[in-house]
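User: Could you take me through this model? I would like to begin with the overall fold and then turn to individual residues.

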Amino acid sequence: MDNQKDNEDKLQQIIEVERKLGEIQDVDVLLERILTETRKIVNADAGSIYVVEGERIRIKSGQNDTLLKELPPGQKLPYTSFTFPINEKQICGYVAYTGKALNIEDCYKIPDEKPYKFNKNTDLITDYRTKSMYTLPLKMANGKLLGILQIINALDKNGKVISFDENAELLISHFAS
C-alpha cells in the first residue's frame with residue numbers, strides 16, 4: 001500500500017512539474033528543467049541531456065550531485081562540450097540511431113555482444129562511478145528526434161546505487177514525452 005501512495009505522490013509531482021514546464025518558452029531552460037525534475041522524481045544522482053545537430057549529438061547539460069558536493073560553495077562542475085556521431089557504438093548514439101530506450105544495470109558489465117560500449121573517460125577524469133543508466137530519445141510532437149535524456153545512478157532511500165526499475169522507466173518516459 002505504501003508503494004501505491006508513493007506512486008500517487010510522484011504522479012502528483014509530475015502533473016505539477018508539467019504545468020510549470022509548459023510555461024517555459026526557452027528550449028535550453030526547458031531541457032535543463034526536464035533533466036533536474038526527472039532526476040528528482042526517480043532519485044537519480046546524475047544525468048545529461050544531449051541535442052541532435054545534424055548527424056551528431058552534442059552534450060547540452062550535465063548534472064551530478066555527488067561531484068557537486070565536493071566543490072567549494074558557489075563553484076560549478078567543469079563542463080566540457082563534446083559531440084559524437086549517431087551510430088551504434090556508444091550508448092547515446094545507439095539510442096538516437098534506434099529510437100529505443102536503454103536501461104543498463106551496470107555500465108561496466110555490458111555484454112560483449114552488444115554493439116554499444118560505455119565510455120569510461122568521464123568517470124576516470126572525475127573519479128566517479130557510473131553504474132545504473134537509463135537513456136531514452138527525446139522526440140518532438142512530429143516524431144523528429146530532438147535529443148537524448150540520460151539519467152544516471154538511481155539511488156535507494158539509503159543513498160545506495162540501484163537499477164532503474166519498471167516504475168522509474170515509466171516515470172522517466174512520461175517526462176520525455
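Analyst: Helices, of at least four residues, and strands, of at least two, are taken here as DSSP runs numbered from the N terminus. This is a predicted model. Its protein chain comes to six helices and seven strands.

User: In what pattern do they follow along the sequence?

Analyst: The pattern of the protein chain, read along the sequence, is α-α-β-β-α-β-α-β-α-β-β-β-α.

User: How much of the chain is buried?

Analyst: Of the 177 residues in the protein chain, 38% count as buried. The chain exposes about 10800 Å², and carbon and sulfur atoms supply 51% of that area.

User: What share of the contacts joins residues 24 or more positions apart?

Analyst: Among contacts with a separation of 6 or more, such pairs account for 54%.

User: A change of topic: where does N64 lie, and what does its side chain reach?

Analyst: N64 lies in strand β2, which covers residues 56-64. The side chain of N64 reaches the backbone nitrogen of T66 at 3.1 Å. N64 and R39 are 25 residues apart in sequence, with their C-alpha atoms 9.9 Å apart in space.

User: Why is N64 classed as buried?

Analyst: The relative accessible area of N64 is 9%, and N64 is therefore buried, as the cut-off is under 20%.

User: What about D123: which side chain of opposite charge is nearest?

Analyst: The nearest is R129, 5.7 Å away. D123, in helix α5 (residues 121-126), is buried yet has no salt bridge.

User: Which backbone nitrogen does the D123 side chain reach?

Analyst: The side chain of D123 reaches the backbone nitrogen of T130 at 2.8 Å. Beyond neighbours within four places in sequence, D123 is in contact with Y108, F118, Y128, R129 and T130.

Notes
Residues numbered from 1 in each chain as written. Predicted model: local features only at pLDDT ≥ 70, side-chain atom pairs only at ≥ 80, totals over all residues. Heavy atoms only, no water. Buried < 20%, exposed > 50% of the residue type's maximum accessible area, 1.4 Å probe, protein only. Polar contact = N/O pair within 3.5 Å; in protein donor to acceptor, adjacent residues only side chain to side chain. Contact = heavy atoms within 4.5 Å. Areas by Shrake-Rupley, 256 points an atom, 1.4 Å probe, with all protein chains shown as cover. Lys, Arg positive; Asp, Glu negative; His and termini not counted. Salt bridge = Lys/Arg side-chain N within 4 Å of Asp/Glu carboxyl O.
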